Amino acid sequence: MTALDLRVRSKTRVADGVVALTLEHPSGGRLPDWTPGAHIDLILPNGLTRQYSLCGDRWDPHAYRIGVLREPDGRGGSAYVHDVLAEGGTVAIGGPRNNFPLAPSERYLFIAGGIGITPLLPMIHQAELLGADWRLLYGGRTRASMAFTGELARYGEKVTFVPQDEVGLLDLPEQPPPDAKVYCCGPAGLLEAMERRAAGWPAGTLRTERFAAKDTGTPARDEPFVVELRRSGLSVTVAPGRSVLDAINDAGIGVLSSCRQGLCGTCETGVLEGEPDHRDALLDDAERAAGDCMFVCVSRSRSGRLVLDL
Ligand code: FES
């Protein structure tokens, strides 16, 4: 992953436990372009990376904005941002990359839980710009914990705020609005509830993004499998408990990676033969069924042999 050092232009508390960072190029130059739904990797001083959705103005080429929730049980990324990173400081980033693009539609329903509002903010701006018919359901523990409510208030009745301590849980739709695409981002419980609701909806109606790895149960195979790297002419054996990514990299074929959790999309690899055991949080059911790509940091094999386009 090619890293870019950015300067923290501002760090602002935007809700209980949430800060917004605005990042800029130290030279004041342009930053790589991005589209709504994109994220960047923050590369922590210990080399770990964390993914944060871009939630600023995609038409401003000089600034990236991210919102970071303090996660007491997290693995240090949010604590670093909250407690160490200061205005004027420097942070390395990778990306942007977009695994959650906004598909064209005349009608959208956006559903956010907590910090899951971040990828949806630029989508909403875009939907508004394009004159699409859209609504947002935005839930959070309390009103004070919900970031960017001030920015969203200007959209009036299109936005429904649902602080749990005042009005209870989000009322998820039984059916999608006619011809709408439904974009949902938030905690695992919300995503799982939405996925259950959407089980009978037309394929592709619900699109979700996760910030944490999905619980995918035990791998389909508990035996080693062979991965053939077609373009390199190499074969490697992947033992149980070892990732395909590590096995490939040990064989000297460099595959870029970042999150190593099946979340960021960096390690996407083409599959030519065999049946992947998808264990990422990125592909939808149709993409899984197509079986022509996989995320080698977490995904494995159902078949004894996989042929990859490497
Ligand atoms: S490294 Fe992030 S999906 Fe594999």
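In what order do the five strands of the open sheet with mixed pairing lie? In this predicted model, the strands follow one another as β13-β12-β18-β14-β16. The two edge positions are taken by β13 (234-238) and β16 (293-295). Each of these has a single partner strand, so one side of β13 and one side of β16 are left without a neighbour in the sheet. Between neighbouring strands of the sheet, the average turn is 40° when direction is ignored.

Strand β12 spans residues 225-229 and strand β18 spans residues 305-308; the two run in the parallel sense and are joined over four bridges.

At the level of domains, the assignment for the protein divides the chain into domain 1 (4-97), domain 2 (107-209) and domain 3 (225-308). The centres of domain 1 and domain 3, calculated over C-alpha atoms, are separated by 29 Å. Five residues of domain 1 and six residues of domain 3 make up the contact between them. On the side of domain 1 that touches domain 3, the elements contributing two or more residues are β4 (49-53) and β6 (90-97). By residue class, this side of domain 1 comprises three polar and two charged residues, with no nonpolar residue present.

Key: Residues numbered from 1 in each chain as written. Predicted model: local features only at pLDDT ≥ 70, side-chain atom pairs only at ≥ 80, totals over all residues. Domains from an automatic or database assignment. Contact = placed C-beta atoms within 7 Å. Nonpolar A, V, L, I, M, F, W, Y, C, P; charged D, E, K, R; others polar. Pairing = 2+ DSSP bridges. Axes fitted to C-alpha atoms, helices over the stretch in contact; angles between N-to-C directions.
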